[in-house]
Amino acid sequence: MDKNISNDRKKYLRKMKTNKIAVFMTQITIVIGFIILWEVLANIGIIDSFITSQPSRILNTFMNLSQNDLLEHLGVTCLETIIGFVSGTILGIIIAILLWWSKFLAKVAEPFLVILNSLPKIALGPVIIIWVGAGMEAIIVMALSISLIVTVLEILNGFLNTDKELLQMAKTFNASKLQILTKVVIPANISTFINSLKINIGLSLVGVISGEFLVSKAGLGYLIVYGGQVFQLDLVMTSVIILAIVAAIMYQSVVILGKIVIKGQK
Amino acid sequence: MKEVLEIKNVAKTYQAKNGELEAIRDVSFSVKDGEFVSIIGPSGCGKSTLLSIIAGLEKRTAGEVIIDGESVDKISDKIGYMLQKDSLLEWRTVYNNVLFGLEIRKNKNEENKAYANELLKKYHLEEFKTKYPSQLSGGMRQRVALIRTLAVKPKILLLDEAFSALDYQTRLMVTKDIYKILKNEKITTIMVTHDISEAISMSDRVIVLTKRPTTVKKIYDINFEIENRDPLNCRKSHKFSEYFDCLWKELDVHG
């Protein structure tokens, strides 16, 4: 850092820093305030902790993780999400490459993609269960069906929007289609890949949880449904909170992965 | 001097849903070894199309393009093509950008790499070899793009409005630099431009095209009789404004 920074610059930097701290502190205060309010209202009986649960009971449930198999359920959900996410991404990229390669194929596929994209994939649930069986496979297929089409469209769109001048430049050297793909289109679209990974991880989780709602015997989605049916709101709330944390961790991992890849490219 | 490029009765008609468009009717000219030829014409007259046809990027409807005595109708190894934008790949270093053409043509051997290095050194870019394009100025980027094109050792260089994306100051400097490089390396050059003064200051001959459907209107020999000619000292010559007036009338912008 430059040591000879002007006073104005110092003031500006300080202001930026205090602003950042203020935002963070406000966020923390909202969370803590919410938790305290929830706990207190439940304790004095203004809200019914039987149907809303309360932070101390959630913490209790959380502490007894092993007793109610939370860890095992968590593992199942994570595994399903990761399999769905990875296969959705890889398949999506392959399909996008095929559609980029052949304009004819892309034109033929267009209306099908549009319809499949707007169709709520959850409606396919019963079909999937009958076709692949009521187990983990069905859940993974559900995650895949939710994330795949979006991935294909997102990546294909990125490919097609690659700077025309770059393609033209490569053509002046008589580049083959494969060379254009590997040396220009793919490296130019690294940020498209990362964006689609970010969208994908969220969608895979949606697919897994809705799949678990429908068929499973394990997983966080199963716990939430089960907890609801037996009126154990503590279990439901704890599962939802763990799910939120898992989702955040998975998303952040993708963000960090993206940063590493972009750095690695340079 | 022998002729390295001959354009014989080239024509181009575009087919579209709503009909045909005759872009180029009949264009013929030839270029001698080491010559710098500019092509100017009213906007939309198919200058760039003509260049794409010479490069083999676009199919012509009729006529012939002869390079070094051989009739050519696809992308030729003897041609280098530089576009308006530098089109450097942001994820590659300057050095790897320069090697891009060699890589595509599968010519990345030690000899060619040494030549690329020599060019970088000669044109003051060696210390930026490991930098990324985003760290360079517009003028430097354009020079890197030129070296990328020259690294594949083309006989003929085509410049398609190659400087028009630069601001005026940079543009004057870059045209001077690039002119020197081209003369040093004895590269035959055909430049398409809409800038009359740029055409005069760099060329040995200027070809004026008509409106669409395009034919050759007139070919001007430009001769400044200046020793160590470069685009900047040409601009100071009294002949410059004479040529400018001639070409301006020839283009007949208001007609």
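## A walk through chains A and B

In β8(B), B:L159 has B:M191 as its bridge partner. Helices (H or I, at least four residues) and strands (E, at least two) are DSSP runs, numbered from the N terminus. Before going on, please note that this is a predicted model, where local features need pLDDT of at least 70, side-chain atom pairs count only at pLDDT 80 or more, and totals for chains, interfaces and linings use all residues. Residues are numbered from 1 along each chain as its sequence is written, while chains are lettered from A and ligands numbered from 1 in the order in which they are written.

**Stop 1: β7 and β8 of chain B.** Select residues 156–160 of chain B, which form strand β7. This strand and β8(B) pair in the parallel sense over five bridges; two strands pair if DSSP finds at least two bridges between them.

**Stop 2: β3 of chain B.** Now select residues 36–40 of chain B. What encloses this strand? Five of the five residues of β3(B) are buried, so the strand is largely enclosed by the rest of the structure. Here, buried means that 20 or more other C-beta atoms, placed from the backbone, lie within 10 Å of the residue's own. In a regular strand the side chains alternate between the two faces of the sheet. Show the side chains: B:F36, B:S38 and B:I40 point one way, and B:V37 and B:I39 the other way.

Stop 3: Look for B:V37, which stands opposite B:I190.

**Stop 4: the whole sheet.** Zoom out to see an open sheet of ten strands with mixed pairing, in the order β5-β4-β1-β2-β10-β9-β3-β8-β7-β6 (chain B). At the edges stand β5 (70–71) and β6 (79–82), each with a single partner strand, so one side of each is left without a neighbour in the sheet.

**Stop 5: where the chains touch.** The contact takes 14 residues from chain A and 14 residues from chain B, with two residues in contact if their C-beta atoms, placed from the backbone, lie within 7 Å. On chain A, select α8 (164–172) and α9 (177–188), which each supply at least two residues of the side that touches chain B. The most comes from α8(A), with seven residues.

Note on methods. A residue is buried if 20 or more other C-beta atoms lie within 10 Å of its own, exposed if 12 or fewer, and partly exposed in between; C-beta atoms are placed from the backbone.
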